[in-house]
Each structure stands twice: as structure tokens, then as C-alpha cells.
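Please read through the model below with the two chains in view.

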Amino acid sequence: MPTVRLGNVSPAVFVAESNETDAGAKVHVDIDNGYDHNNTVTLFGIPPQTPLSEALVTVRAVWDRNHSFDPPEWVESDDEVLEMLLASEFNCAVGMPDDWEGLTP
Amino acid sequence: MKVNTGHDFQSSVMGGGLLHTTNTGTSTTAPAATTFTTDGVNIPVNQAAGMIIQRAGVYGVVISNTSATNSVLTIDKWYDPNNPSGAAAATPAAGQWVLLPGGAPSWWMAVTENSGAPAAGDTTLTAELNAASGGLNRTIATWSHTLGTNSYALAKTYTVNANDSPPKTPAKMGLFNTANGGRLVFETLISNPPALISGDQLTVTDTVTI
């Protein structure tokens, strides 16, 4: 099951208008991570056999709708091709920086 | 919305559920594609529902069970742990088994054209789309979560194909704990559902606040 980790410097949560529909809005969230900024990590578990194109579309859509207001700072994945594609899609670095300050898995 | 069976599901999966007196044994009755006999272990009726039975490198999600000296567990299929959304795994031989505490995740996403309002008493997704080799069929969704936040999301990008008999307008989604049947946990209307033709893609995302 491919996994993806994205460095999230502008975390958000999706707040539904009701519990019956998927309508709602993304709002900023403060992470109590022990640092002066709001860095955290967003995790994705992608089902096996998912085509790369579908994985790319899904991660992009959910990231934009649910998890962040800005592109990720970095990406890591156990699938090297997907990692490269996501880095290109988001124009971000590959691999968590050694000096990353924020929540980590 | 989280339906009534979803409350039951959440309580047992997150809280552990009913731990039976005996949760492991060695069977001598050959398992079948959708049943497993515990042989000598009596589990109260349906108290294993939603739990995972593990045997010889594969597992099944219990739909229901009988109570008898040799309880019979009904599962939807045997799963390959490396590809649970793929074809059913081969039926294992009899032998040592384990019934795991908690339960299987509700990561199976299904859609329907039915636009009726979700109701707490719903146990199935009315008119669930399930065409042979269709692109809109129930499947495992992508899970995501931002560390430190109080929600997670399950999302699936569906691609419509000719087997779906398009056009199709998915208007509601449901999350289940099995590939077939199983327990409905969440049910949500899709806002402004589009009419899809063959080749169209639709990403459905359900956000769960925890």
C-alpha cells in the first residue's frame, strides 16, 4: 500500500455545513507542535494497484480541499515514481529536510 | 452522517469491542469461500461481526456468526493483506486461527444515484452502483490525515467506463467495512452531483471529524 508524506506548513481542516452533505469550507487550524510555527505532516495511504495518474489526482484534490492552504514544502513516498510525480506536481522538495521543525509521524 | 450502525462500528473498532472468552483455536473443518468454522469455540451469536478472522496469511471480515459448539463465521471473502482491494484470496486450509480485537476499517467507498437524504436508520446504500467491471463500483478509498488535527479524509477518484451504462450521476456515497455487504458506517450526499459519461473522472471525498 503506497504511502505518501507531505510537509504541511499551512494546515487546514474541512468543516462541513451539516453532517448530511459534503458541502463545507476549509479553515486554518493551529497545531500545538511545540514550535513557533505551524508545521506538521499530512499522511496518505493509497490502495495497492491504484494507477499513478489516479493517485496523483486524488492526492492533489484532497490536499487542496482538506489539508492545506499552501503547497507542501516536501514530499516523501515509498513509491519513488509517485514521489517524483508529486514533487513535480507541487513544485516541492523530495525528502523531509534534516532541520524540519514540526510534527512528524 | 454517521448512521446508527456506524456508532456501533466505531465503538467496537476504536474501543475494542466484545473480547470473547476464546479468540484463537485450531480448526479441522475446511474453510469455504465465505464461511469459517471455529471447531470447539462457541462465540455468542453475531458478537464477532465486524471483527477480522486471520488464517494462514489471509483474513476475512466477519459479517455474522452462529452460536454453537462449532460456531460458523460468515465472511464476505478472503482478503490478500497485500492487495485487499483486489480479487479474493485463495481459501485457506483448516488450521490455527485468530480472531483479532477491534475490527476492519470502514474504507470501502460506494456511490449511488439515489439522492434521498441520509437517515440514521439506514443500513445499506440504496441502489448502490455495482455494474460488472464498472468504474463506479465499491472500492477501497485513499485515506489521509494531517497530524495534530481532528479529522481524516477518505477519497476515491472514480473513472466511468462503458460498463457503468452512462450517463450516471453519483448523488450519494457510503463507507462500509467490507467489499460486499457489510456494515454501513457513513453516508453523505454529494453536493451538485455531475452527470458523468464514459471517461469522466470524479473524486469523491468524505471528511470525518473525530
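This is a predicted model: local features need pLDDT of at least 70, side-chain atom pairs count only at pLDDT 80 or more; totals for chains, interfaces and linings use all residues.

Residues are numbered from 1 along each chain as its sequence is written, chains are lettered from A and ligands numbered from 1 in the order in which they are written, and side-chain values use heavy atoms, with hydrogens and water left out.

The size of an interface is often given as the accessible area lost when the parts come together. Here the area buried between chain A and chain B is about 2,600 Å², where buried area is the accessible area (1.4 Å probe) that two parts lose on being put together, summed over both. Carbon and sulfur atoms give 56% of that area. Chain A brings 33 residues to the contact and chain B 33 residues, with contact meaning heavy atoms within 4.5 Å.

Polar contacts join 16 residue pairs across the interface of chain A and chain B, both residues being at pLDDT 80 or more. A polar contact is a pair of N or O atoms within 3.5 Å; within protein, one must be able to donate a hydrogen and the other to accept it, and residues adjacent in sequence count only if both atoms are side-chain atoms. The interface also has one salt bridge, defined as a side-chain nitrogen of Lys or Arg within 4 Å of a carboxyl oxygen of Asp or Glu. Lys156(B) forms a salt bridge with Glu54(A), and their closest N and O atoms are 2.7 Å apart.

On the side of chain A that touches chain B, the elements giving two or more residues are strand S2 (12-16), strand S4 (40-45) and helix H1 (52-67) of chain A. Helices (H or I, at least four residues) and strands (E, at least two) are DSSP runs, numbered from the N terminus. H1(A) supplies the largest share of this side, eight residues. Strand pairing also crosses between the chains: S4(A) and strand S9 (residues 142-146) of chain B pair in the antiparallel sense over four bridges, two strands being paired if DSSP finds at least two bridges between them. Gly45(A) has Trp143(B) as its bridge partner in S9(B).

Within chain B, S11(B) pairs with two strands. Five bridges join S7(B) to S11(B) in antiparallel fashion, with Val111(B) bridged to Met173(B). S11(B) also pairs antiparallel with strand S12 (residues 184-189) of chain B over five bridges, and Gly174(B) stands opposite Glu187(B). Five of the five residues of S11(B) are buried, that is, under 20% relative accessible area, with exposed meaning over 50% and partly exposed in between (1.4 Å probe, protein chains only). In a regular strand the side chains alternate between the two faces of the sheet. Lys172(B), Gly174(B) and Phe176(B) point one way from S11(B), Met173(B) and Leu175(B) the other way.

Most residues other than glycine have a negative phi, and most peptide bonds are trans. Asn91(A), in the loop between helix H2 (80-90) and strand S6 (93-94) of chain A, has a positive phi near 55° and is exposed at 71% relative accessibility. Ala127(B) has a positive phi of about 55° and is exposed, with a relative accessible area of 55%. The peptide bond from Pro166(B) to Pro167(B) is cis, with omega near 10°.
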